[in-house]
Amino acid sequence: MDKKDLKPTLLNGHKDQLAPGLSRRSFFMAAGAAGVGIAASVGSSGQAAAQSTDWTQSGNNNHILELQAKKDFPAGEVTIDYYGHCAFKITSPGGASIMLDPWRDDPSGAWGLWFKNKFPETLVDITMSTHTHFDHDAIDRPQSTMVLDRMAGNFEFADLKITGIADKHACVAPGWYPWTDALKEFGVEACPPNNPGHMDMVTYVIETGGIRTLIWGDNRHNPPEEFWAAIGKIDVLTLPIDGSQHILSYDQGNAIVERLKPKIVIPTHYLGEATTYTLSTLQPADEWVKSQKSFKMLDGPSMKLAASDVAGMDREFMYFGSNVQTA
């Protein structure tokens with residue numbers, strides 16, 4: 001069919017008179033193919049606007065193709081970069097990278113202003129989110145070829161192995177601010193089995209370079225026994241602990257550490273002056289960290305871990321504080 005013969009389409013029952021021989025549908029298709037972003041009034045229904053900007057981001061999947069073609073990957077260090085709150089980029093010895101739980105402000109405005117900036121459009125291979133709360137699900141911001149949102153099950157690529165274990169979000173706030181009570185105002189139950197979908201969780205075990213890292217997200221402190229069995233032995237544990245005890249209390253966090261006995265513990269979900277406003281009601285994690293037997297106050301937003309070094313550690317707390325990556 002000749003494109004010149006395309007007839008105007010109907011929108012809201014009205015004929016499209018955009019241009020002779022050119023329908024609005026074909027106009028949008030052509031503009032999209034050319035990489036042009038459009039916001040236009042459509043009839044009386046208001047403005048049409050894209051919900052995701054992923055397609056406008058630069059870059060392509062060339063790095064994925066390179067990793068996909070490799071047969072062997074070198075041994076070496078695992079790099080962990082901290083982007084504030086619960087966001088980490090983990091890079092394997094072979095160069096495959098994952099961004100976990102990028103944050104944003106609540107688009108509804110109901111929970112106030114939490115973050116000082118937009119999450120940086122960092123180039124990574126894979127983006128993952130543990131759950132749909134606004135401070136964990138800005139999955140459109142990283143420039144990534146793959147998005148594995150709330151993935152349960154197993155995924156392997158390059159020198160990465162990821163296991164997603166589904167469970168539930170913490171549903172009773174242990175700290176001074178009873179934020180979980182707010183769900184009652186919306187007529188829903190925070191706790192399972194009748195919790196809303198945004199209180200569902202997936203934790204991730206990421207294996208690379210001989211190191212097993214558990215991304216706890218905002219998971220509850222008392223999951224069932226089959227959850228613990230699925231996790232197995234953990235080398236690096238991330239836990240949402242802050243001075244306000246917003247997600248987990250100090251005692252709950254300590255109990256999880258005692259049960260898993262990881263080599264390294266990394267606090268998350270705390271107030272960091274580089275990223276987070278006090279309107280979040282969060283506090284720093286200094287008090288909890290300094291109460292531990294062994295801890296290190298890191299002086300930068302990145303660490304490199306070799307499996308041989310990690311093997312000799314025992315519940316060493318590594319605290320990024322306000323040191324965060326910004327690009």
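This report covers the sheets, the disulfide, the backbone exceptions and the cavity of a predicted model.

Local features need pLDDT of at least 70, side-chain atom pairs count only at pLDDT 80 or more, and totals for chains, interfaces and linings use all residues. Residues are numbered from 1 along each chain as its sequence is written, and side-chain values use heavy atoms, with hydrogens and water left out.

**Sheets**

Helices (H or I, at least four residues) and strands (E, at least two) are DSSP runs, numbered from the N terminus. Two strands pair if DSSP finds at least two bridges between them. Strands of a sheet pair through backbone hydrogen bonds, either parallel or antiparallel.

| Sheet order | Strands | Pairing |
|---|---|---|
| β9-β8-β7-β6-β5-β17 | 6 strands | mixed |

Axes here are lines fitted to C-alpha atoms, for helices over the stretch in contact, and angles run from 0 to 180 degrees between N-to-C directions.

Within this sheet, β14 (residues 236-240) and β15 (residues 264-268) run parallel, joined by 5 bridges. Val 236 faces Ile 264 in β15.

The twist averages 20° from one strand to the next. Strand β5 (residues 78-82) pairs with β17 in the antiparallel sense over 4 bridges. There, Ile 80 has Met 303 of β17 as its bridge partner.

**Disulfide**

The structure holds 1 disulfide (a pair of cysteine sulfur atoms within 2.5 Å). Cys 171 and Cys 191 form it, with sulfur atoms 2.0 Å apart. The torsion about their S-S bond is about 95°, so the disulfide is right-handed. Cys 171 lies in the loop between β11 (160-168) and α3 (182-185), and Cys 191 in the loop between α3 and β12 (200-208), so the pair ties together parts that are 20 residues apart in sequence.

**Backbone exceptions**

Most residues other than glycine have a negative phi, and most peptide bonds are trans. The peptide bond from Pro 192 to Pro 193 is cis, with omega near 15°. Pro 193 is in the loop between α3 and β12. Lys 261 has a positive phi, near 45°. Lys 261 sits in the loop between α5 and β15.

**Cavity**

A search of the whole structure finds 1 cavity of 30 Å³ or more. On a 1 Å grid over the protein atoms alone, a cavity is a set of points where a 1.4 Å probe fits but cannot get out; lining residues have an atom within 4 Å of a point. Grid points are joined across faces, edges and corners, and a volume is the space filled by probe spheres set on the points. The largest cavity holds about 30 Å³. Its lining consists of Cys 86, Phe 88, Ile 215, Gly 217, Thr 238 and Thr 268. These lining residues divide into 3 nonpolar, 3 polar and no charged. Ala, Val, Leu, Ile, Met, Phe, Trp, Tyr, Cys and Pro count as nonpolar, Asp, Glu, Lys and Arg as charged, and the others, Gly among them, as polar.

Terms used:
1 Å grid on protein atoms, 1.4 Å probe; cavity = no way out; pocket = protein on both sides within 12 Å on 5 of 7 lines; lining within 4 Å.
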